[in-house]
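Please look through the sequence and the model shown here.

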Amino acid sequence: MTRRHPMPEEVLAILVDQHRHQSQVDPEADPDALLTLDSSIADWRLACDLVGWRGLGRALNDEWGMSLSLAQWREVLEPPDKRTIRTLCHTISREAQIESLPQRGLLGCSSADGRAFHAVRAVLVRLEMPRAEIRTTTPITPLLSKYGWRFLSPCLRFAPGALPALKHVGRFRRALLFALGVLMVAGIGLALLKSPLAALSLIFALTTMLLLWIPHPLFRGSLVLPGVSTLGDLAACLARGKGGEQHASPNSGPATQLGNSGVTEGPPSVS
């Protein structure tokens, strides 16, 4: 696949689309944030709960395959209330390269779906997924759980805004989170009242926290792209989005790590 420098507007569309997905599963992300080229870095960091400029600069290098020094990132990101996303997008546009959908798919296929599947397949091959397992019928949810943002992020860049927003599923996990909140509040309240039940409540809260860290879908839940069940469905969405030049709106509302929600890694540019 060919690589090229993205336009600043394309970079913005990718950042906005990252936030659109992130805000569905990350309570620290603000789903109502309006990110435009004129938004300040401070607004971006506040809306997405981003790390400080040093960590953010290193993470942006990893995310976009760049090698800017910390001094260069400081010029782009500091002071955050005076620097804008416009400067950031122009910097990424100049220094980074992204992949485009190939002109031909597997075996010379020229259809949009075939070209998109070829691009998705290339992403999974880089992630060392066995080639024999990469089929149009391969379920996508286990791939999101296994590869996380390393899989989703490259796909978003092929056609920002084309994929349905991520959704988190897992009723048992939601019940555990609710129970954890109740136990923490009860434990603090009982402790203030010097009740002997306070210690028991905090023990149950700690047990619940440990259950939430168990790497199993029962406790962590999983992430899904509604209506996208297989790699073939994913390729079709990307093909339609690219063909129609569909991009994430700058007025829709990258952000924090997906953590324990089922995706193993969140956007590297975030806390």
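## P102 and its contacts

P102 touches M1, R115, H118 and A119, when residues up to four places away in sequence are not counted; contact means heavy atoms within 4.5 Å. P102 sits in the loop between β2 (98-99) and α6 (112-126). Helices (H or I, at least four residues) and strands (E, at least two) are DSSP runs, numbered from the N terminus. P102 counts as buried because its relative accessibility is 8%; buried means under 20% relative accessible area, exposed over 50%, and partly exposed in between (1.4 Å probe, protein chains only).

This is a predicted model, in which local features need pLDDT of at least 70 and side-chain atom pairs count only at pLDDT 80 or more, while totals for chains, interfaces and linings use all residues. Residues are numbered from 1 along each chain as its sequence is written, and side-chain values use heavy atoms, with hydrogens and water left out.

P102 and G114 are 12 residues apart in sequence and 9.5 Å apart in space, C-alpha to C-alpha. R3 and P102 are 99 residues apart along the chain, and their C-alpha atoms are separated by 9.8 Å.

## R3 in strand β1

R3 belongs to strand β1 (residues 3-4). With a relative accessible area of 48%, R3 is partly exposed. Leaving aside neighbours within four places in sequence, R3 is in contact with Q97, I98 and E99.

## The whole protein

The secondary structure comes to 12 helices and four strands. Of the 271 residues, 47% count as buried. The accessible surface comes to about 13,300 Å², and 58% of this surface belongs to carbon and sulfur atoms. Accessible areas come from the Shrake-Rupley method with a 1.4 Å probe; for residues, only the protein chains shown count as cover.

## Helix α1 against helix α5

How do the axes of α1 and α5 cross, and at what angle? The axes of helix α1 (residues 8-25) and helix α5 (residues 85-95) come within 8 Å and cross at roughly 110 degrees. Axes are lines fitted to C-alpha atoms, for helices over the stretch in contact, and angles run from 0 to 180 degrees between N-to-C directions. The two helices α1 and α5 are therefore roughly perpendicular to each other. Angles under 35 degrees count as roughly parallel, over 145 as roughly antiparallel, 65 to 115 as roughly perpendicular and the rest as oblique.

On the α1 side, P8, V11, L12 and L15 meet I85, L88, C89, H90, I92 and S93 of α5. The residues of this contact divide into eight nonpolar, two polar and no charged. Here Ala, Val, Leu, Ile, Met, Phe, Trp, Tyr, Cys and Pro count as nonpolar, Asp, Glu, Lys and Arg as charged, and the others, Gly among them, as polar. In α5, the residues I85, L88, C89, T91, I92 and S93 are buried. The buried residues of α5 pack against α1, α2 (41-48), α3 (53-64) and α4 (70-77).

## Helix α8 and its two partners

α6 and α8 pack at an angle of about 150 degrees, with their axes 10 Å apart. α6 and α8 are therefore roughly antiparallel to each other. In this pair, A119, V120, V123 and L124 of α6 meet R150, F151, P154, C155 and F158 of α8. The contact residues divide into eight nonpolar, no polar and one charged.

The axes of α1 and α8 come within 10 Å and cross at roughly 135 degrees. α1 and α8 are therefore oblique to each other. In this pair, I14, D17, Q18, H21 and Q22 of α1 meet W149, S153, L156 and R157 of α8. This contact divides into three nonpolar, four polar and two charged residues.

Is R157 buried or exposed? R157, in helix α8 (residues 149-158), is buried, with a relative accessible area of 12%. Apart from neighbours within four places in sequence, R157 is in contact with I14, E63, W64 and I98.

E10 is found in helix α1. E10 is buried as well, with a relative accessible area of 19%. Residues up to four places away in sequence not counted, E10 touches R4 and I98.
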